[in-house]
Amino acid sequence: MQEIFDAAIIGLGPGGEVVADRLLSAGKKVVMFESELIGGECAYWACIPSKTVLRGPELRTEAARAAGVGAITLDWDKAREYRDYMARHLDDSAQFKGYEDRGATIVRANASIAGPGTVSASGIRYLSHHIIVATGTVPLIPEFPGSDQITLWGNREVYTLKALPASVAIIGGSAVALETASFLSGFGVQVTLLNRSARLLGREEPEAAALAEGYLCEAGIDVRTNTSIISARRSGEVNVLKLHDGSELSVDATIFATGRRPRTDSMGIARAGGLLDDKGNMQVDEHCWAADGLWGIGDVTGIMPFTHVAKYQARVVADCILGKERKANYGGIPRVVFSNPEIAAVGLTREQADTLNIESEYLTVNIPEAIARPGTYEENPRGDLGILIDVQRQVMIGAWAMAPQAAEWIHYAALAIRGQIPLATLRDQVAQFPSYTEAYLVALERLENAR
Ligand SMILES: Cc1cc2nc3c(=O)[nH]c(=O)nc-3n(C[C@H](O)[C@H](O)[C@H](O)COP(=O)(O)OP(=O)(O)OC[C@H]3O[C@@H](n4cnc5c(N)ncnc54)[C@H](O)[C@@H]3O)c2cc1C
């Protein structure tokens, strides 16, 4: 009789790995399918290598701004070696063995769903009570006349680079575009950022986007908004890009950061009763449940394309499968651009609050004017915080911060929003002196006094 697994996990990025870990720890019989490397996009070509190579430029900027600190130099070859170490030299054999030792069956192949409770890979069918789809996304590659003639890179090429080019154009205005620009420019590459719309970070508050643009320009990045490539040609080793306004830009390479689409093509999700939306995102409910015995987690659901969300959804699904019913709550989940300084945001923007008919109040604070920490941290200190509150319910519903370490201290707002902590409690909270977190109290008191 054919073996029946408790769970079949398709795709072993951060989402797939967390659900595997939880189910294996609970003693479940698990079969796991991975067509490339265990760890997914995040571990080898996205979060981990990008944050690793951003650290040097960040430190150099911080050193340049700190009183009495001499200039520090960056060594690309050493940074690259460490990046490769952090990305496991694109080798997942330790992970493979680790899961095998824990009793999992691992199939290194492209898998698809053959029917309810049935996964097919390399011509073999696997039966399972549950199927979890965690197949992530693939990049959207822009096409324009001549795009096939030039050096066109996505995140995989950028974050495995050995030698740095002298100049690049980056297409896009999202977190990935801004981080890539900060990294390359930090290592001395001449960067031109080409953004189709009028402002960067189109989903964030306009003040945050304007500040981000200012900091990028200050760092020597040529930011061009309202522009796009209409055609391209190769001239020797150089990419010549013809832009919307008729001007030409010559660069060594062109990098696209123009979004991604879910990897659901040919997955057979409908064969197990699952549905896709018009963008191909796998449809799931608040339990990440798609159909009887079918679950979807991570980027493939199109809900929030972050590693921390993929891992969270994985925990929700593992609990549901293990009989502890759990619903996903997407409130108060931070989103960070690891640029210099960091840009962190959480919750709603004013525009989103208006769409939801929430009566809101908004306030921004220039942090160095308000609290002591920025001045102790750096000369000519910088930093801004914006908060949005729900007037009726007297809770915080949105926040953004652009300042050193903002990725860390945004979690004050994240918890306030997720826990719907009353503003009165937040105003009574005592933050460490001197810390950036103190800026929240200033913002909250100013909002109260403005009433
Ligand atoms: C440059 C860049 C930087 C980023 N930085 C951050 C960051 O700092 N923080 C953050 O939270 N997010 C970041 N992200 C987003 C993050 O990478 C994703 O949200 C995360 O990887 C999603 O995890 P996942 O498990 O859903 O999918 P993935 O990581 O994409 O993993 C999916 C896995 O499924 C496998 N697979 C696909 N189809 C099949 C199939 N049919 N059969 C078998 N296996 C299959 C793939 O090979 C892959 O290993 C970044 C993204 C990019 C591009």
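Reply: Start at a turn. The model is predicted.

Me: How many bridges join β13 to β14, and in which sense do the strands run?

Reply: Four bridges join β13 to β14 (residues 248–251), and the two run antiparallel. For a residue pair, take V240, which stands opposite S250 in β14.

Me: Which strand does β12 join, and over how many bridges?

Reply: Strand β12 (residues 229–235) is joined to β13 (residues 238–243) by six bridges, again antiparallel. I229 has L243 of β13 as its bridge partner. The hairpin of β12 and β13 has two residues between the strands, and G236 takes a positive phi near 65°.

Me: Is N226 buried or exposed?

Reply: Count the C-beta neighbours. N226 has 12 other C-beta atoms within 10 Å. A residue with 12 or fewer counts as exposed, so N226 is exposed.

Me: Which strands does β9 pair with?

Reply: β9 (residues 167–171) is joined to β15 (residues 253–256) by four bridges, in parallel. V168 has A253 in β15 as its bridge partner. β9 also pairs with β10 (residues 190–194) over five bridges, again in the parallel sense. There, A169 stands opposite T192.

Me: How many residues of β9 are buried?

Reply: Four of its five residues are buried, and β9 is mostly covered. Over the protein chain, 44% of the 451 residues count as buried.

Me: Let us zoom out. How many helices and strands does the protein chain have, and which domains?

Reply: There are 15 helices and 23 strands. The chain divides into three parts: domain 1 (4–39 + 92–138 + 261–321), domain 2 (147–258) and domain 3 (335–449). The C-alpha centres of domain 1 and domain 3 lie 36 Å apart.

Me: Why does the radius of gyration agree with a compact globule?

Reply: Compare the value with the one set by chain length. For 451 residues, a compact globule would have a radius near 22 Å; this chain has 24 Å, which agrees. The C-alpha atoms fill a box of roughly 70 × 65 × 40 Å along the principal axes.

Me: What share of contacts joins residues at least 24 apart?

Reply: Among contacts between residues at least 6 apart in sequence, that share is 65%.

Me: Last, the ligand. How many residues surround the ligand, and which are the closest?

Reply: The shell has 37 residues, and the closest are G11, G13, G40, G136 and G298. Elements giving two or more residues to this shell are α1 (14–25), α2 (40–45), α3 (47–65), β4 (111–115) and α9 (307–321). By class, the shell divides into 15 nonpolar, 16 polar and six charged residues.

Notes
Residues are numbered from 1 along each chain as its sequence is written. This is a predicted model: local features need pLDDT of at least 70, side-chain atom pairs count only at pLDDT 80 or more; totals for chains, interfaces and linings use all residues. Domain bounds come from an automatic or database domain assignment. The radius of gyration is taken over C-alpha atoms; the globule rule is 2.2 Å times the number of residues to the power 0.38. A residue is buried if 20 or more other C-beta atoms lie within 10 Å of its own, exposed if 12 or fewer, and partly exposed in between; C-beta atoms are placed from the backbone. Two residues are in contact if their C-beta atoms, placed from the backbone, lie within 7 Å. A residue is near a molecule or strand if its C-beta atom, placed from the backbone, lies within 6 Å of it. Ala, Val, Leu, Ile, Met, Phe, Trp, Tyr, Cys and Pro count as nonpolar, Asp, Glu, Lys and Arg as charged, and the others, Gly among them, as polar. Two strands pair if DSSP finds at least two bridges between them.
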